[in-house]
Amino acid sequence: MSAPPFRLLYAAEAQSVLDNLERPQHQVKRTKVIKTLRLLRDIGPVHPGLHSHRYHSITGPNGEDVCESYVENRTPGAWRIWWIYGPDADTLTVVTIGPHP
């Protein structure tokens with residue numbers, strides 16, 4: 001892991017969610033997601049507003065720790081971004097984006 005800024009890569013599932021958020025009816029949610037991705041990229045997971053932490057329920061495709069960062073908080077169905085470090089030291093791979101289960 002290196003220091004920010006990070007390069008963001010998107011797994012197919014995450015890219016699909018971002019593509020879906022392009023629809024006009026999702027503009028508010030898209031704005032929140034883009035802001036969160038920008039903070040994750042430019043400041044990193046340590047930004048206090050992201051509340052980033054390891055997500056214990058799942059692991060990445062190669063056994064990596066999956067982390068989550070908040071898009072929303074104290075909202076029913078609050079959205080999260082799940083990501084892993086890598087494949088390179090300056091890279092975060094966004095696994096998926098969506099409501100907290």
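Asp42 is partly exposed, with a relative accessible area of 37%. Its side chain meets that of Arg41 in a salt bridge, with 2.6 Å from N to O. Arg41 is partly exposed too, at 35% relative accessibility. Please keep in mind that this is a predicted model.

**Helix H2**

- Helix H2 runs over residues 27-42 and has 16 residues.
- From its first C-alpha to its last, H2 reaches 22 Å, which is close to the 22 Å expected at 1.5 Å a residue.
- The buried residues of H2 are Arg30, Val33, Thr36, Leu37, Leu39 and Leu40.
- For background, residues three or four places apart in an α-helix point the same way, because the helix has 3.6 residues a turn.
- Just after H2 comes Gly44, which takes a positive phi of about 100°.

**What covers the buried residues of H2**

- Among the elements covering these buried residues is a helix, H1 (12-20).
- Strands take part as well, including E1 (7-10), E3 (65-70), E4 (79-85) and E5 (91-99).

**Salt bridges across the structure**

- How many salt bridges does a search of the whole structure find? The search finds seven.
- As a reminder, side chains of opposite charge can pair when their charged atoms come close.

**The pair Asp88 and Arg7**

- The side chains of Asp88 and Arg7 meet in a salt bridge at 2.9 Å, N to O.
- Asp88 lies in the loop between E4 and E5, while Arg7 lies in strand E1, so this pair ties together parts that are 81 residues apart in sequence.
- Asp88 counts as partly exposed, at 40% relative accessibility.
- Arg7 is partly exposed as well, with a relative accessible area of 39%.

**The pair Asp65 and Arg54**

- Another salt bridge is formed by the side chains of Asp65 and Arg54, at 3.0 Å from N to O.
- Which parts does this pair tie together? Asp65 lies in strand E3 and Arg54 in strand E2 (residues 53-59), so the parts tied together are eleven residues apart in sequence.
- Asp65 counts as partly exposed, with 42% relative accessibility.
- Arg54 is also partly exposed, and its relative accessible area is 37%.

Definitions and conventions
Residues are numbered from 1 along each chain as its sequence is written. This is a predicted model: local features need pLDDT of at least 70, side-chain atom pairs count only at pLDDT 80 or more; totals for chains, interfaces and linings use all residues. Side-chain values use heavy atoms; hydrogens and water are left out. Helices (H or I, at least four residues) and strands (E, at least two) are DSSP runs, numbered from the N terminus. The expected span of a helix is 1.5 Å times one less than its number of residues. Buried means under 20% relative accessible area, exposed over 50%, partly exposed in between (1.4 Å probe, protein chains only). Contact means heavy atoms within 4.5 Å. A salt bridge is a side-chain nitrogen of Lys or Arg within 4 Å of a carboxyl oxygen of Asp or Glu.
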